[in-house]
Amino acid sequence: MIDSVQSYPCAERLTLVEQVHGCTVADPYRWLEDASASEHWLRDQDDLWLTYAASLTGRFRWKNRVRQLSDVSSVSTPVWRGGRCFTLRRETGQQYAVLYVDETPLLDPKQLDPSGLTTLDAWQPSPDGTKLAYQLSSGGDERSSLHVLDVLTGEPIDGPIDGCRYSPVAWLPDNETFYYVRFRQVRRHRLGDPDDATILSDEASYGLEISADGRWLTICTTTDVWLADLTTDAPPRHLPQETTTIMSVGPDGRLYVVTTQGIYVGDPTDPTVWHDYLRPNAPLTGLAVLDDVVLVSTATEIAVHDRPTGRRLRTLELPGHGSIGSLTAHGNRAWFTYTDSVTPPTVCCYDASTEQTTRLAGSQDLETHQLTTSAGVELRVIGKPGPRPTILYGYGGFGQALTPTYSAFALAWVEAGGSFVTATLPTRDNKQDTVDDFIAAAEYLIAEGWTTADQLAVCGESNGGLLTAAALTQRPELFSAAVCSAPLTDMLRYELSGLGDRWTAEYGSVTNPDDFKTLASYSPYHRVSEGVKYPAVLLTAFGNDTRVDPLHARKLCAALQHATASSRPVLLRFEPDAGHTTGGINLAADILAFVANETGLIR
């Protein structure tokens with residue numbers, strides 16, 4: 001326990017003040033942006049965290065239980081190529097999933113790197129199933145390199161090619177050439193050729209897909225679509241759209257166009273002419289064209305449609321009220337993953353010939369509740385009515401709604417007697433509106449007796465870490481504890497590090513005066529005020545995080561430690577060799593132990 005603010009490591013406060021768009025901006029901890037300059041301070045913070053963690057008597061019990069609940073076998077939806085079936089499988093006791101071809105292990109990250117620091121980020125077999133393009137990164141930095149191996153021998157054929165961060169790969173039917181994304185440009189690569197052809201040089205996040213017959217290449221971003229007829233030498237044809245659009249050419253040769261308004265069909269030889277096909281009831285997450293029917297998935301439903309007309313025929317019966325993902329098809333069968341809060345991800349298979357769905361079962365019998373605040377925020381509660389120690393979890397960004405997913409972290413907390421609440425926050429144009437929704441969710445849980453301010457903790461990661469940091473700096477009295485994992489906190493300088501310059505569509509840019517005012521109004525680092533009783537705060541950061549620079553956690557930590565008038569601790573947990581999404585069981589256990597201690601669940 002931290003007895004007083006005098007116990008915190010000394011952090012020099014600069015008198016740095018800047019004028020931005022006519023406004024005065026103070027940045028006393030600018031020096032903490034430099035990782036080398038902050039090494040001594042970071043070591044002291046690490047000692048502080050380890051001293052606190054050693055006082056948590058239940059820390060190792062949490063670790064053991066999270067490990068037990070995490071140790072479930074899993075298998076991905078299958079990908080069929082050339083009569084071969086490719087799946088990712090993780091058996092109990094394995095750290096990483098292994099890629100199989102049929103029943104034979106093909107690619108095991110642990111064998112590639114016994115240290116366990118190498119991860120398989122993505123993979124795509126060639127059309128005939130004889131070659132595999134795959135991407136590896138190390139230490140959680142997500143800077144993937146692309147390799148190609150011979151599926152029959154396991155021997156390398158090509159690569160490594162760097163700059164392929166989560167690149168899509170679209171193979172041509174010759175099984176020697178593929179389109180991919182390198183340094184955010186669309187390129188064409190032929191195996192063994194050191195010189196790639198650049199197809200689109202403007203940097204963006206591209207999706208790629210080639211039709212089953214190999215004739216049509218579709219290239220998509222969130223706002224633009226290109227279609228290329230690969231039987232000609234003509235460059236891809238730009239098809240600007242007024243709405244977010246995804247195009248693909250199905251195995252039936254039709255052009256399928258997915259927009260926010262519905263799904264349309266057309267002829268790829270005249271791609272500007274569309275015809276109404278169907279209109280899903282919710283945002284689309286998957287589309288699979290089978291021999292006889294078309295399956296359309298949303299986050300929580302799969303509908304079966306007549307393939308020629310698009311007429312809705314039926315809805316698949318699911319194991320529960322959970323989430324659908326990874327819809328794939330082969331012939332007249334389709335596979336999808338299902339998960340909910342207490343069911344590990346499992347693969348279900350739908351056979352359109354028999355209209356039967358089969359799955360592997362496995363779930364726990366825990367009490368769950370669906371709540372809705374007056375502002376329309378949906379809350380999913382695992383646990384019994386309170387008041388009881390509660391974790392409120394949120395994300396609230398990039399158009400991503402949190403759907404029910406299996407979580408050993410949440411299950412361990414509920415088993416111990418707490419409640420775990422996930423807030424499904426609607427997409428908002430103004431980030432402050434999202435923060436207000438999150439705060440309203442906390443107020444609702446307290447007002448309705450599910451918890452109290454002394455028992456409520458908020459948690460979030462990445463954009464959710466920003467959400468949590470904004471909430472705790474704006475309404476500190478609502479929470480006993482807050483966990484901000486890999487958070488953005490200095491929104492006036494977020495564009496200068498990590499992947500920040502790619503996120504201006506989500507947050508706006510400081511270079512725009514109106515955006516600057518909005519960013520300054522909720523930037524957590526700039527909202528910290530001296531003399532305020534802040535809740536207990538745990539900031540987590542990772543040295544190999546190439547998305548969100550650890551500087552954000554360092555700066556907010558120093559600001560809160562200086563300002564807080566509370567005896568509750570402000571701590572920084574730093575992992576130098578981990579990346580944005582590689583915290584793992586140790587991190588989950590430490591967060592649970594911290595929150596349990598500060599909310600009274602376990603002391």
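Reader: In what order do the 4 strands of the open sheet stand, and is their pairing parallel or antiparallel?

Author: Please keep in mind, as you follow along, that this is a predicted model. The open sheet is formed by 4 strands in the order 24-25-26-27, and their pairing is antiparallel. At the edges stand strand 24, which covers residues 286-289, and strand 27, which covers residues 312-315; each of these has a single partner strand, so one side of each is left without a neighbour in the sheet. If you look at how the strands are set against each other, neighbouring strands of this sheet are turned by 20° on average, with direction ignored.

Strand 26, made up of residues 302-306, runs antiparallel to strand 27, and the two are joined by 3 bridges. Within this pair you can find Val 304, which stands opposite Arg 314 of strand 27.

A polar atom of the Lys 431 side chain lies 3.1 Å from the backbone oxygen of Gly 396. Once neighbours within four places in sequence are left aside, the residues in contact with Lys 431 are Gly 396, Gly 397, Asn 463, Glu 506, Tyr 507 and Tyr 522.

Conventions. Residues numbered from 1 in each chain as written. Predicted model: local features only at pLDDT ≥ 70, side-chain atom pairs only at ≥ 80, totals over all residues. Heavy atoms only, no water. Polar contact = N/O pair within 3.5 Å; in protein donor to acceptor, adjacent residues only side chain to side chain. Contact = heavy atoms within 4.5 Å. Pairing = 2+ DSSP bridges. Axes fitted to C-alpha atoms, helices over the stretch in contact; angles between N-to-C directions.
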